[in-house]
Amino acid sequence: MLKHLKLTNIGPADTALEFGTRLNLITGDNGLGKSFLLDIAWWAMTRKWPAEVNPKLTAGKIALPTDKKKKAEIGFSFTGVSKTKANVIAFEPRLQSWNIPRGRPANPGLVFYAMADGSFAVWDPARNYWKTRADDALDRPPAYVFSPKEVWDGLQRDDGSWLCNGLIRDWASWQKEKGRALDYLVAVLASLSPSSAERLQPGALTRISLDDVRDMPTLKMPYGQDVAVVHASSGMRRIISLAYFLVWCWEEHLKAKELLGEEPETKTTFLIDEVESHLHPRWQRTVVPALMQVMAKLTTSAKVQLIAVTHSPLIMASVEPQFDDQQDTWWDLDLVRHQGNRTPTVVFSNRRFVRLGDVSRWLVSEAFDLGSARSLEVEDVLEQAAQILSEEVIDHAKAKALDVKLRTLLGDTDPFWVRWRFVGEKQGWL
Ligand SMILES: Nc1ncnc2c1ncn2[C@@H]1O[C@H](COP(=O)(O)OP(=O)(O)OP(=O)(O)O)[C@@H](O)[C@H]1O
Ligand SMILES: [Mg+2]
């Protein structure tokens, strides 16, 4: 699990972050470096950039220095390891790579990374291997990194051997075997479902093409049909691929640990970009609490650290009952204009998590910085109306004109009408 990250001369701004051992939320405007931060977190734990492992990826490329003439560094440390050591790794301009020291680094535990575009990466300390010597004979994959297509169809090595069968083949064979993997899958799908009434569950296997010999898994839909997983909606595909990877990784991890004669891993870190991606508000409310609990479906001893990027006020509101300052953090990225400086800078703030209750209050909070939860036109007309109401002598003609505008824009039950009508009727301009 990740304890701290320190970025010097890379990305939109230098920063140092301390992560909580459980839930870590990251908010901020587009383009301020949230996904980049997840890439760095993944790299710190695995020592490989996602696109370095799998060149098919369009994101997750090696981080390059901002100012080429200055030193660029990434500092990090892990929790739950025997010695908490701060690592600082510098960029080597001549090699155009990060100068990773030799030797096996501390084990951060299992790492899952769900990227915004549907790519997925898994790192398993039992199966992925760091070369410790140049003449190391073991040739193990440095991580399992899947493009969105490979999630479904499987991951092959350059020599044609299969690293992972992919969701379609594995799910179908688990279903035929009716063993532990199927039990895990059913449990994980149920736990990540939007509600007990809309439970994700496997349907009967089917075929979708004369030219595709694979048995195709299906999902039972609430409207009584079994729909092939490749035809499922975007939101469902995102969640079922997450469920599949959890089960695939855990199954393979258990087998590997058995072979090695070691106990299974207890620490897991999930890095999830745009955690609400494609999900209806009902599902947005349950997804983060469910992710915090989901490893318990696979093992009783797991500790899960979640680092999740979100653009959703519903996600923020949904974790209010769980949020605990002792083990959770909220990082917010903002563009800040400093006095006397024309160019704004990106600032990472460790915000205090205050329970705001209502989702619209989250929209106008530091997390999303909106002026109001209404349309821009309504926000503008209400500002004008508030200005009129604050004047000592109200210009009746102006107020009447604005009243006409308010009637076209504001809902009949809007609470603002109470104050507007009270003043208007009292002063006689309504
Ligand atoms: N490989 C890289 N090397 C150096 N800096 C990078 C690299 N990739 C991204 N960045 C920095 O990160 C910024 C993009 O940030 P990022 O994609 O993380 O935004 P985001 O906050 O996730 O936005 P959105 O909400 O739109 O997804 C770039 O403008 C650049 O400054
Ligand atoms: Mg992003």
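Helices, meaning DSSP runs of H or I with at least four residues, are numbered from the N terminus. In this predicted model, helix H12 is followed by Gly428, whose phi is positive, near 80°.

**Helix H12**

H12 covers residues 416-427, twelve in number. From its first C-alpha to its last it reaches 17 Å, close to the 16 Å expected at 1.5 Å a residue. Phe416, Trp417, Trp420, Val423 and Gly424 of H12 are buried. Viewed down the helix axis, these buried residues fall within an arc of 145°, so they line one face of H12. They pack against helix H10 (376-390) and helix H11 (396-409). On the face turned away from the buried side are the exposed residues Val418, Phe422, Glu425 and Lys426.

**The sheet and its helices**

An open sheet is formed by eight strands, with mixed pairing, in the order E9-E8-E7-E14-E15-E3-E16-E17. Strand E9 (144-146) and strand E17 (345-350) stand at the edges with a single partner strand each, so one side of each has no neighbour in the sheet. From one strand to the next, the twist averages 10°.

Strand E8 (residues 120-123) runs antiparallel to E9, and three bridges join the two. Within this pair, Phe120 stands opposite Phe146 in E9.

| Helix | Strands touched | Angle between directions |
|---|---|---|
| H6 (residues 234-260) | E7 (110-114), E8, E9, E14 (267-272) | about 160° with E7 |

How values were computed
Residues numbered from 1 in each chain as written. Chains lettered and ligands numbered in written order. Predicted model: local features only at pLDDT ≥ 70, side-chain atom pairs only at ≥ 80, totals over all residues. Heavy atoms only, no water. Pairing = 2+ DSSP bridges. Axes fitted to C-alpha atoms, helices over the stretch in contact; angles between N-to-C directions. Contact = heavy atoms within 4.5 Å. Expected span 1.5 Å × (residues − 1). Buried < 20%, exposed > 50% of the residue type's maximum accessible area, 1.4 Å probe, protein only. Arc of directions from axis to C-beta.
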